[in-house]
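Biologist: I have not seen this structure before. Please show it, and I will ask how the terms are applied.

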There are 2 protein chains.
Amino acid sequence: MSEITEIAQYTQAMAERAVLASRELRISQGGQKLKWLLACIRAIKDKQEELLAANKLDLEKAPSFGLSESMIDRLTLTPSRMASIIKSLEGIMTLPDPMGEIIEANVRPNGLLVTKVRVPLGVVFFIYESRPNVTVDAAALCVKSGNAVILRGGKEAIHTNLAFYKIMKNCLAGAGLPEHAVQLVETTDRQAVGHFLKMRDQIDVTIPRGGKSLIERVVAEATMPVIKHFDGVCHVYIHERADQEKARSIVVNSKCQRTGVCNAAESLLVDAAIAEQFLPMVASDLMEQGVELRGCERSCQLVKGIIPATEEDFRTEYLALKMSVKVVDGLEKAVAHIEEYGSRHTDAIVTNDLSASRQFAAMVDSAAVILNASTRFNDGGEFGFGAEIGISTDKFHARGPCGLKELTSYKYIVYGDGQIRE
Amino acid sequence: MSEITEIAQYTQAMAERAVLASRELRISQGGQKLKWLLACIRAIKDKQEELLAANKLDLEKAPSFGLSESMIDRLTLTPSRMASIIKSLEGIMTLPDPMGEIIEANVRPNGLLVTKVRVPLGVVFFIYESRPNVTVDAAALCVKSGNAVILRGGKEAIHTNLAFYKIMKNCLAGAGLPEHAVQLVETTDRQAVGHFLKMRDQIDVTIPRGGKSLIERVVAEATMPVIKHFDGVCHVYIHERADQEKARSIVVNSKCQRTGVCNAAESLLVDAAIAEQFLPMVASDLMEQGVELRGCERSCQLVKGIIPATEEDFRTEYLALKMSVKVVDGLEKAVAHIEEYGSRHTDAIVTNDLSASRQFAAMVDSAAVILNASTRFNDGGEFGFGAEIGISTDKFHARGPCGLKELTSYKYIVYGDGQIRE
């Protein structure tokens, strides 16, 4: 990267190329994008050895960045992970092309046909950390939805990211797509991000995917809209009329199926009417899985081994084998607790009472409200949207899992035959 | 307002009441909102004399604010304007309730039913200038879409706004809706706006409706999403295969039907292939209507009386009987001009060529692309959406006319029967 002497010029030129590419992509056809994805799949398969070698370079440097073991694991490319990257690309290939979809249409009394048509957002600036599959998924989702993308990965994955990027970029021209539809920031200088975040005229949306400090920085500096994901303080509330067997398995799955993810449950609310019977059982299930429970006074009285919780525990996204527990006096108290302590990400109720389930669904203002199932289902793949570029905790533009549609806007195309306004 | 000593406390308390009201509105029913709108209609009819008297107070003070004649005209309430306020409320009443609409639903292979359900955004902060009908429309649209609203009108309309506000507020409780669903900022202190714009945790969206300086201030200071409307530099492009009679009437209507509005045309592009024949005719039509034409070199050569345009003319939203004119060499040049000089608001083509119309619609990235009709049709009412709270020139969240749907978000409600993730 020695030739890059002026980071401001470098980022500016990159953004301008992205704008030009996005104009071409706006009129691209689904077939071109399919052709590109197919070519990417073939090339990634062909170049597996090169990709693994590039990844090895990153892995060698990983200790010098102070990466933890779990971070190194996430960074590591294996043949089976290669296979799942290919599978994800195949999945994106088979999703319907969002561009040009007529979302709504109506004929006005004067004969005008008003259509609302799905169009790309334009240019996406995507910032992410060390998982190698993200480069591939993000490029595929952005181009399939008609957007040019500027990718900025973590420094610890730069060789792997560059290797994937070059393969995908080299397949663009052959498919008739603009060669700058996908660009990767090749410098790891942190200043580059600051420059891009100022470019509200060139970049239509920024999507940060990573830790809280990254997201906070982006929110503070960005001059354009951001699709962002903050905490997932997710609850499971066991209503007095719950099927207790199902409730036990839902709680354990929500907490333990995978702990380091945003849709894992962090807090268990048990209705006072059944707490004496239910809490000891579920606590024993959880403790068997190695979960440390931190509870309110009443739960500590009911179950030996629950540690007294602090106020802060109920606001904490543990991302670990820990869970806060509270006994609540009925549905309204449960909802009020979720309103006060939750993060509006994913909240579940277990109940067989139809009226209670409807009330909970109406009152809880979270991206996903889950009735009688694990919180872990709030996921683009599980919802049937295919790969996701992130999960939004906002209510504006996109909420919950963000796939192809969430990378689009719309315009109105109005068909007339000489109509004028009286 | 003498009792309001601390503007920060006043605005904070107002925002907190709005948040509480929005929680109640979230679970309100369509029938309650209908009842409220009906009560508002009756009360506004009953209190017409009081409303006119309040408006008279504003009109008396208008000269002291230095309002121009056209601004005073906009501020003036008359019995016929009262009738159109009522008509607008009736229109909003008959629109389908957006809350709870199931936008999408699918059953997953594991039996989970995933539904995407329309929900309110939460709390809307709405800032507007002197038209008295806006208080009524904004309150009605926000509450009908399930949002609590904080209204901040112009100081020159404060008596009129207060009078309408009090009537509508007094009808809330009787309909079973929270009494703070609608609040009006009763101080005209400009600091109040600054306080609200900092409240990203309480206010979900800010909508400014007014002049460019207001919008620029809001964009600069707001910490939450903004639905905003900048310039309307709208074009009409006359393709070589246009029906020239229709083209003449569309150009005149787009420019002259009402000049002071964002969807009026500001720039005429005439294809070189027909310029010699068409431009003199349409120029004469426009000049007859008193339009001053400012053109490129070629158009000045073709028509006497066209003033040479500067580069700046082509970027100007005149909002007056002025129009820029350019002769362009074909469709692609027309599109490139619109890309360079337009504001992505409303752009029209007049052509009988199907392929040209499709190309234009695909390539022009504006909120509305109009084929063979007047630019003046880009309007919520004309599109059949009912009253609008504004027109968005953004691509994020909402684009073009913003009615009830654009004031909503969605959440996922997932129906299971004990499903856990493998």
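Biologist: What makes R23(A) and E339(B) a salt bridge?

Modeller: The closest N and O atoms of R23(A) and E339(B) are 3.2 Å apart. A salt bridge needs a side-chain nitrogen of Lys or Arg within 4 Å of a carboxyl oxygen of Asp or Glu, so the pair counts. Across the interface of chain B and chain A, the rule finds 14 salt bridges.

Modeller: This is a predicted model, in which local features need pLDDT of at least 70, side-chain atom pairs count only at pLDDT 80 or more, and totals for chains, interfaces and linings use all residues. Residues are numbered from 1 along each chain as its sequence is written, chains are lettered from A in the order in which they are written, and side-chain values use heavy atoms, leaving out hydrogens and water.

Biologist: How many residues of chain B are in contact with chain A?

Modeller: 75 residues of chain B are in contact (heavy atoms within 4.5 Å) with 75 residues of chain A. The area buried between the two chains (accessible area, 1.4 Å probe, lost on being put together, summed over both) is about 6200 Å². In chain B, F396(B), Y412(B) and R421(B) lose the most area to chain A, together 15% of what that side buries.

Biologist: Why are α6(B) and α7(B) called roughly parallel?

Modeller: The axes of helix α6 (residues 133-144) and helix α7 (residues 158-170) of chain B cross at roughly 30°. Angles under 35 degrees count as roughly parallel, 65 to 115 as roughly perpendicular, over 145 as roughly antiparallel and the rest as oblique. Therefore α6(B) is roughly parallel to α7(B).

Note on methods: Axes are lines fitted to C-alpha atoms, for helices over the stretch in contact, and angles run from 0 to 180 degrees between N-to-C directions. Helices (H or I, at least four residues) and strands (E, at least two) are DSSP runs, numbered from the N terminus.
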